[in-house]
Amino acid sequence: MWFPLAERHRAGIDRWYDCDHAMQVCVSAMYVTDERFRAHYDERADGLAAWLVEVIAAGVFARGVDPETAEWQ
């Protein structure tokens, strides 16, 4: 699966500030809801923003966090 990619993504954010899995899924939501983030990812590959959000959601779900109810603490 793509879970290692999701974990690498979280670790990248964690370099700058504490980022648990719930926070990661909240950050990733901006990749599709904020046009600036969407453009950044989708310019690299069409649909990349949405794909990355799905990968992160699956990764955090596998760790026991519901991506639909995750909250930034």
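The questions and answers below concern a predicted model and the packing of its helices.

Reader: How are helix α1 and helix α4 oriented to each other?

Author: The axes of α1 (residues 3-14) and α4 (residues 48-62) come within 8 Å and cross at roughly 95 degrees. Angles of 65 to 115 degrees count as roughly perpendicular. The orientation of α1 to α4 is therefore roughly perpendicular.

Reader: Which residues make this contact of α1 with α4, and how do they divide by class?

Author: From α1 the contact takes F3, L5, A6 and H9, and from α4 it takes W51, L52, V55, I56, A58, G59 and A62. By class, the contact of α1 with α4 has no charged residues, two polar and nine nonpolar.

Reader: How are α3 and α4 oriented to each other?

Author: The axes of α3 and α4 lie 7 Å apart, and the two helices pack at an angle of about 100 degrees. That angle is to be set against the range of 65 to 115 degrees. The two helices are therefore roughly perpendicular.

Reader: Which residues of α3 and α4 meet, and how do they divide by class?

Author: R38, Y41 and D42 in α3 meet L48, A49 and L52 in α4. Arg and Asp count as charged, whereas Tyr, Leu and Ala count as nonpolar.

Reader: Which elements cover the buried residues of α4?

Author: The buried residues in α4 are A49, L52, V53, V55, I56, A57, G59 and V60. What covers them includes α1, α2 (21-33) and α3 (35-42).

Reader: Does the span of α4 agree or disagree with its 15 residues?

Author: The expected span is 1.5 Å times one less than the number of residues. For the 15 residues of α4 this gives 21 Å, and the end C-alpha atoms are 21 Å apart, so the two values agree.

Reader: Is R10 buried or exposed?

Author: R10 lies in helix α1. A residue counts as buried under 20% relative accessible area. R10 has a relative accessibility of 14% and therefore counts as buried.

Reader: With which side chain does the side chain of R10 make a polar contact?

Author: Leaving aside neighbours within four places in sequence, R10 is in contact with C19, D20, H21 and Q24. A polar contact requires a pair of N or O atoms within 3.5 Å. At 3.4 Å, the partner of the R10 side chain in such a contact is the side chain of H21.

Definitions and conventions:
Residues are numbered from 1 along each chain as its sequence is written. This is a predicted model: local features need pLDDT of at least 70, side-chain atom pairs count only at pLDDT 80 or more; totals for chains, interfaces and linings use all residues. Side-chain values use heavy atoms; hydrogens and water are left out. Axes are lines fitted to C-alpha atoms, for helices over the stretch in contact, and angles run from 0 to 180 degrees between N-to-C directions. Helices (H or I, at least four residues) and strands (E, at least two) are DSSP runs, numbered from the N terminus. Angles under 35 degrees count as roughly parallel, over 145 as roughly antiparallel, 65 to 115 as roughly perpendicular and the rest as oblique. Contact means heavy atoms within 4.5 Å. Buried means under 20% relative accessible area, exposed over 50%, partly exposed in between (1.4 Å probe, protein chains only). A polar contact is a pair of N or O atoms within 3.5 Å; within protein, one must be able to donate a hydrogen and the other to accept it, and residues adjacent in sequence count only if both atoms are side-chain atoms.
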